[in-house]
Every structure is written in C-alpha cells, then in structure tokens.
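Dear colleague,

I am passing on the structure below, together with some notes on what I found when going through it. Please read them with the structure open beside you.

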Amino acid sequence: MRIPVAEPCIGDEELKNVIEAVKSGWISSKGKFIEEFEREFAKYCGVKYGVATANGTVALHLALKALGIGKGDEVIVPTLTFVATANTVTYCGANPIFVDSHPEYWCINPEKIEEKITPRTKAIIPVHLYGHPCNMDRIMEIARNYNLYVIEDAAEAHGAEYKGRKVGSFGDISCFSFYGNKMITTGEGGMCLTNNEELAERMRNLRDHAMSKNRKYWHETIGFNYRMTNLQAAVGVAQLKKLDEFIEKKRRIAKWYSEELKDLEDKGLIKLHPEMPWAKCVYWMYSILIEDKAKICRDEFMKRLEKIGIETRPFFVPMHLLPMYNSRERLPIAEDLARKGINLPSSVTLDKSQMTFIIQNIFNVIINENSIYSSHF
Ligand SMILES: *Cc1c(COP(=O)(O)O)cnc(C)c1O
C-alpha cells in the first residue's frame, strides 16, 4: 500500500451524471452539463462568465490570445510555478519574464515585479501556488499603474480567498485546471472566468475554431479546438457540489500537519506551509521545507519516505533554470524554496491512521538522521 500525494475523490454522484450524459447522446462539447458547470463554477468564484476548456494549459493560452498577447510581448510570471504557466506565454510568441518568490508565502513577490517591467510588458500572471493566494492588492495596483492585464493562474487554488474574496475574481481573466489531482477534477479540464462580456465572447469564439456566429465555416482568425466535453462537465457539476467539503478536509489535514510537526519547526529543522493573515489557503498540497539544519537533504528525505510507502513530490524547478528558459539570472528565494520544498500527501481521502503513520515517519527520518550525522561532528 502506498499513500499518494494527491488522488481524486469520485463517487456515485459523478457516475450518475456521466450515465445521464452518455444516455442523452450529448457526449461531445454541447449539452446541459457544460452550461451548468460554467454557470455554477463562475458563480462559486463570484465571477460573471465561465468558459470551459479541455484542460488548464489551454485555458491559459486562450486567455492570453483573447487579450491579444503576441509576438515580442512580455508577460510577467513567477519563476516558481508549473511549466504550463510559462509555456503558454511562449505559445503566443511572447516572452515569459521571471520574478522571484516571496520568502514568507512562496507566491510571486510583488515588490520584485516593477523592476522587470519594460515598454513591452503586457500582462502579469500571478499563480496561487499550492493553494495559497497571491497578494492581489499589490499586484492589481501595479497592473493599474502600468496599464497591464492580469491573468490569475488559479489552477491550484479553487476556493482560496484573499481578504475574504475568492481567487479568480481579481484579474481580467482567471484560469483553472480540473486535472485529476487538482482541488476538483473532470479528468482533464479547465476554465477561464471573466467579468468582461466581450472577453468571454472572444474566448468562446477562439475555443471553437473562431467560427463566425453568422456564417458557417467563415473564420476571420486562427482559432482552436479547446472545448470541454459534456462528459467532463458532468463530472465537474458533481465535483463542484463537494468543493467546500474538500476544502474543509484539506484545511483539517493542514492543521494536523502543522500541529504535529510544530516541534520540528521550533527546532529549526523544517518550515511549515504558511498561511498569511490575509489569506485563506486551500492547501492543494500541504508542503514543508527541509531546512539545512535538518542534516538530511530533501531528496534523501523523500527516498526514505518512498521506501515505506509514503509518496512525496519535490517543489517545481524554477522556470529560469529550465534549459529552454535558462535566463542566467539568480532568483535566490525561489531557488532556495525549490531546493528545500516537498509536497506531503494531501488527498481528501486521507484518514487519521494514515496521518499518524506519515507524521511518525517524518519524525523518525528527520530525528534519526539528525543523530547519525551529529555523531560525526
Ligand atoms: C495544473 C496546472 C496547470 C495546467 O493545468 P492542466 O489542466 O494540467 O493543463 C497550470 N498552472 C498551474 C499552476 C498548475 O498547477
């Protein structure tokens, strides 16, 4: 038996909807579940319009295209994120410009954004990393001052809140993913949200080959097939009804970890997943940093846990260090986080006995290793 970092929680409600969709014959990208999922998810986030997509990556691409991002433009992204955030900028012929992380809460550091703005800068993509919201007041202020678009990458943070307001409701457009390990899933899937009717219409059009509304097979620009299927949406409608429950469970798991591992943090051996006073974190993946004082390196720590059936994941590799983006700059906070950070098992399916097992083993690995190494000094 292996405890995974994140697994989906799918039940009879999802199955019932899928059966209904299959029996109705509406199995492609038209059907009642698409409209319901778009409407209900947008409403949940406090945004007017939802445009469902095939996955979260194409949701980001669609948002950038709808805002007219193109060749030679620059788009500011955090260096510490999943690669899709940067790649979709590149798909447009634009250049991702990387910004360092905030040392306290790991998302993009707003104070490091302005120094990266040039006359070519068109947009900022803040990423609500591992379920923690970005500092949206500062980011929106900078965007206003420099006339930049904001696209929130909320792929990891459905339901997270900044000062009591849900993420995804701040930017010109926000993008979500419903991949199997995200807060809620449709298998593969994504969505763009916006309060701007014209942008919503443009995204719907681009999602469907940019076909003219009035003339069949008339296309004035190059569009995409980025549609979600009714089958995916059928799963999504049922998952959305459980989202608040999932968030509560994730926060309970986080509380367990934070309370049980506090001793290790007090000793300076690890750092716990932060939650700023202005934030409601949904802890998509509860994460810790293995500090240098622990004397066991992060990768060795992960190997030991793997051996006893506990899966963990390292933090993302910062984008500016990847071969295709190697920008030969130093972004020290992100590099430090990426070297020390791991995601712990965070599924809503975790039970108390598994939690106890994980916590005991984290103590064993860190404390034992610590004593072995200490004897050398
Ligand atoms: C998962 C994820 C995506 C991409 O979503 P997919 O549905 O897997 O294409 C984009 N950005 C971030 C931050 C993600 O975690």
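Let me begin with Thr 185, which is buried, having a relative accessible area of 3%; please keep in mind throughout that this is a predicted model. Thr 185 belongs to the loop that runs between strand E8 (173-177) and strand E9 (190-194), and its side chain reaches the backbone oxygen of Tyr 179 at 3.1 Å. Which residues surround Thr 185, once its neighbours within four places in sequence are left aside? The contacts are with Pro 8, Ile 10, Phe 178, Tyr 179, Gly 180, Val 235, Gly 236 and Gln 239.

H1 covers residues 12-24 and H7 covers residues 230-240, and the two pack at an angle of about 150° with their axes 8 Å apart. Since angles over 145 degrees count as roughly antiparallel, H1 is described as roughly antiparallel to H7, and the crossing between H1 and H7 is right-handed.

The next element to look at is helix H3 (residues 56-66), which is largely enclosed by the rest of the structure, because 9 of its 11 residues are buried. The buried residues of H3 are Gly 56, Val 58, Ala 59, Leu 60, His 61, Leu 62, Ala 63, Leu 64 and Ala 66.

How do H3 and helix H4 (residues 83-91) cross, and how far apart are their axes? The axes come within 9 Å and cross at roughly 40°, and H3 and H4 are therefore oblique to each other, in a crossing that is right-handed. Thr 57, Leu 60, His 61 and Leu 64 of H3 meet Ala 84, Thr 85, Thr 88, Val 89 and Tyr 91 of H4. The contact of H3 with H4 has 5 nonpolar and 4 polar residues, with no charged ones.

Finally, please look at Asn 343, which lies in strand E14 (residues 341-343) and is buried, with a relative accessible area of 3%. The side chain of Asn 343 makes a polar contact, at 2.9 Å, with the side chain of Ser 287. Leaving aside neighbours within four places in sequence, the residues in contact with Asn 343 include Val 5, Tyr 130, Met 285, Tyr 286 and Ser 287, as well as Thr 312, Arg 313, Pro 314 and Phe 315. Strand E14 is also one of the elements against which the buried residues of helix H11 pack, along with strand E12 (287-290) and helix H10 (298-307). In H11 (residues 332-340) these buried residues are Ala 334, Glu 335, Leu 337, Ala 338 and Lys 340.

With best wishes

Technical notes. Residues are numbered from 1 along each chain as its sequence is written. This is a predicted model: local features need pLDDT of at least 70, side-chain atom pairs count only at pLDDT 80 or more; totals for chains, interfaces and linings use all residues. Side-chain values use heavy atoms; hydrogens and water are left out. Buried means under 20% relative accessible area, exposed over 50%, partly exposed in between (1.4 Å probe, protein chains only). Helices (H or I, at least four residues) and strands (E, at least two) are DSSP runs, numbered from the N terminus. Axes are lines fitted to C-alpha atoms, for helices over the stretch in contact, and angles run from 0 to 180 degrees between N-to-C directions. Angles under 35 degrees count as roughly parallel, over 145 as roughly antiparallel, 65 to 115 as roughly perpendicular and the rest as oblique. A crossing is left-handed if the near helix is turned anticlockwise from the far one by less than a right angle, and right-handed if clockwise. Contact means heavy atoms within 4.5 Å. Ala, Val, Leu, Ile, Met, Phe, Trp, Tyr, Cys and Pro count as nonpolar, Asp, Glu, Lys and Arg as charged, and the others, Gly among them, as polar. A polar contact is a pair of N or O atoms within 3.5 Å; within protein, one must be able to donate a hydrogen and the other to accept it, and residues adjacent in sequence count only if both atoms are side-chain atoms.
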